[in-house]
Amino acid sequence: MTRQKPHTPRIALAMAGGGPLGAIFEIGALCALQESLEGIDFNRLQHYVGVSAGSFIAAGLANGITPQQLFSLFIEDRKHQAEAFDPAWLLRPAFAEFFSRSMLLPGLLMAGTLQGTLGRKSLMRTLEYLSPSLPTGVFSNAQINVELAKLFAKPGRSNDFRQLKSRLTLVATHLDSCEAVSFGRPGWDHVPISKAVQASAALPGLFPPVEIDGQHFVDGALIKTMHASIALDEGVDLMLCINPLVPFDASVRQTALDAATPWAAPEPIPRIAAGGLPAVLSQTFRSLIHSRLVLGLKSYEQAYPNTDIVLFEPDHRDPELYLANTFSYSQRRHLAEHAYQQTRQLLRSRQTGLSSKLGYHGITLNHAVLDDTSRHLCRPRREPTRISHALTKLHNIMNNLNQVVQAAEPPKGDPAW
């Protein structure tokens with residue numbers, strides 16, 4: 001059945017997590033999308049869904065903070081600005097948690113001694129018995145609530161879900177039931193937006209669970225990677241998704257990508273295992289969350305056939321984002337620039353398919369902006385060469401030609417095939 005073209009398309013944006021690196025990628029990508037797409041205002045969408053690090057960005061956009069302003073607030077090193085976000089807030093030890101847990105230790109030791117538990121069991125059993133005295137998080141993210149409350153108290157903004165012009169949903173995980181809770185929906189819309197962001201981004205082990213109304217919440221990505229279905233269930237015409245973390249494909253040499261992004265040419269990665277335990281764990285974590293995302297998107301396409309879904313994420317062959325320290329901000333300007341340029345490259349290489357899908361909703365690609373090689377978020381370390389420009393252009397032509405061929409192919413099972 002042919003769909004009727006909507007007069008005013010309902011557009012939603014879902015943003016996944018990924019720690020500080022994820023937020024940096026999402027901001028860089030949004031800056032590229034905002035200036036490269038005509039017919040869409042990322043501060044006037046119908047629905048924003050944020051999970052973990054994506055909750056920061058979603059809450060900012062819903063409050064009228066533009067992608068460029070998010071870049072200035074969260075990435076630029078401007079500590080003299082009253083609204084600047086200092087990443088050091090996320091690295092403050094959870095002293096309150098340490099103290100409260102340590103107060104349990106004397107009682108546990110006394111009870112264990114009286115019961116004859118301690119000293120007669122194995123070391124592991126003893127540690128298990130004393131485990132309630134261990135902190136539930138290393139760092140405190142309480143400052144997130146404090147600083148975002150100040151940020152959203154500015155004129156024209158709000159820290160109240162119910163006062164926003166657009167719908168905002170921030171997802172966290174209820175620790176005791178392991179169920180997803182949608183802050184911003186009825187029953188949970190009384191929670192301050194800043195507090196909901198703190199809960200959604202409380203990565204277990206790194207940050208203590210966040211207590212709200214006598215209940216404890218942790219990172220929203222424990223259940224799903226993106227939770228785009230929250231917006232899809234309410235009915236949207238176009239669902240935009242941004243996922244910052246993907247598994248890295250070390251089996252493919254990055255020649256095409258290096259040509260497209262000559263400002264970032266790190267040493268090639270021969271094998272994932274060569275990076276030791278951190279690299280193996282990172283690849284494992286990325287693969288787990290990305291596989292959930294892929295399965296979710298496939299089910300969305302079947303469950304919501306009248307909604308166009310567009311996913312933006314890093315190139316799987318790009319070592320730059322894979323090698324970056326997820327919790328390091330020392331490279332944040334460079335990584336934001338990398339995400340910005342990579343998203344511009346993605347738009348150029350997929351322009352045939354994107355033009356058709358986005359054009360249905362009145363959104364067009366600004367080719368003059370995309371072809372302008374002088375555009376940057378930050379000053380590049382070195383300018384692209386003529387050869388890299390030619391290789392990038394050839395790469396884009398081949399990608400678009402492939403899209404045309406795929407679109408012209410009859411579906412499987414067609415007698416003409």
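View 1. Serine 287 is partly exposed, with a relative accessible area of 30%, in what is a predicted model of the protein. A polar atom of the serine 287 side chain lies 2.8 Å from the backbone oxygen of glutamine 283.

**View 2. The protein chain as a whole, for orientation.** The protein chain has 417 residues, of which 49% are buried, and its secondary structure comes to 16 helices and ten strands. Of the contacts in the protein chain with a separation of 6 or more, 77% are between residues 24 or more positions apart. The chain exposes about 20700 Å², and carbon and sulfur atoms supply 57% of that area.

**View 3. A nonpolar patch on the surface, with phenylalanine 95 as one of its members.** Three residues, Phe95, Phe98 and Val138, form this nonpolar patch, and together they have about 280 Å² of accessible area. Phenylalanine 95 is found in helix 4, which is made up of residues 95-102. With a relative accessible area of 58%, phenylalanine 95 is exposed, because the label applies to values over 50%.

**View 4. Aspartate 160 in a loop.** Aspartate 160 sits in the loop that runs between helix 7 (142-151) and strand 4 (167-174). Its side chain reaches the backbone nitrogen of arginine 162 at 2.8 Å. When neighbours within four places in sequence are left aside, the residues in contact with aspartate 160 are Asp189 and Ile193. For aspartate 160 and aspartate 189, the separation along the chain is 29 residues, while their C-alpha atoms are separated by 7.6 Å.

View 5. In one of them, phenylalanine 183 and tryptophan 188 are arranged edge-to-face, with 5.5 Å from centre to centre and 80° between the planes. Phenylalanine 183 is buried, with a relative accessible area of 0%, whereas tryptophan 188 counts as partly exposed at 21% relative accessibility. The value for tryptophan 188 is not under 20%, and so this residue is not counted as buried. Phenylalanine 183 also forms an aromatic pair with phenylalanine 217, likewise edge-to-face, at 5.3 Å centre to centre and with 70° between the planes. This second pair links distant parts of the chain, since phenylalanine 183 is in strand 5 (residues 179-183) and phenylalanine 217 is in strand 7 (residues 215-219), 34 residues apart. Phenylalanine 217 counts as buried, at 0% relative accessibility. Taken together, Phe183, Trp188 and Phe217 form one aromatic cluster.

View 6. Aspartate 213 is not a glycine, and yet its phi is positive, at about 55°. This aspartate lies in the loop between strand 6 (210-212) and strand 7. Histidine 227, which is not a glycine either, has a positive phi of about 60°. Its place is in the loop between strand 7 and helix 9 (229-233). Histidine 227 is buried, with a relative accessible area of 4%, because that value is under 20%.

View 7. Threonine 307 is located in the loop between helix 11 and strand 9 (308-312). At 12% relative accessibility this threonine counts as buried, because the value is under 20%. The side chain of threonine 307 reaches the backbone oxygen of valine 236 at a distance of 2.7 Å.

Terms used: Residues are numbered from 1 along each chain as its sequence is written. Side-chain values use heavy atoms; hydrogens and water are left out. Patches are made of residues with over 30% relative accessible area and no salt bridge: like charges are joined within 9 Å, nonpolar side chains (Val, Leu, Ile, Met, Phe, Trp, Tyr) within 5 Å. Accessible areas come from the Shrake-Rupley method with a 1.4 Å probe; for residues, only the protein chains shown count as cover. A salt bridge is a side-chain nitrogen of Lys or Arg within 4 Å of a carboxyl oxygen of Asp or Glu. Helices (H or I, at least four residues) and strands (E, at least two) are DSSP runs, numbered from the N terminus. Buried means under 20% relative accessible area, exposed over 50%, partly exposed in between (1.4 Å probe, protein chains only). Contact means heavy atoms within 4.5 Å. A polar contact is a pair of N or O atoms within 3.5 Å; within protein, one must be able to donate a hydrogen and the other to accept it, and residues adjacent in sequence count only if both atoms are side-chain atoms. Rings of Phe, Tyr and Trp (its six-membered ring) pair if their centres lie within 6.5 Å; planes under 30 degrees apart count as stacked, over 60 as edge-to-face and the rest as tilted.
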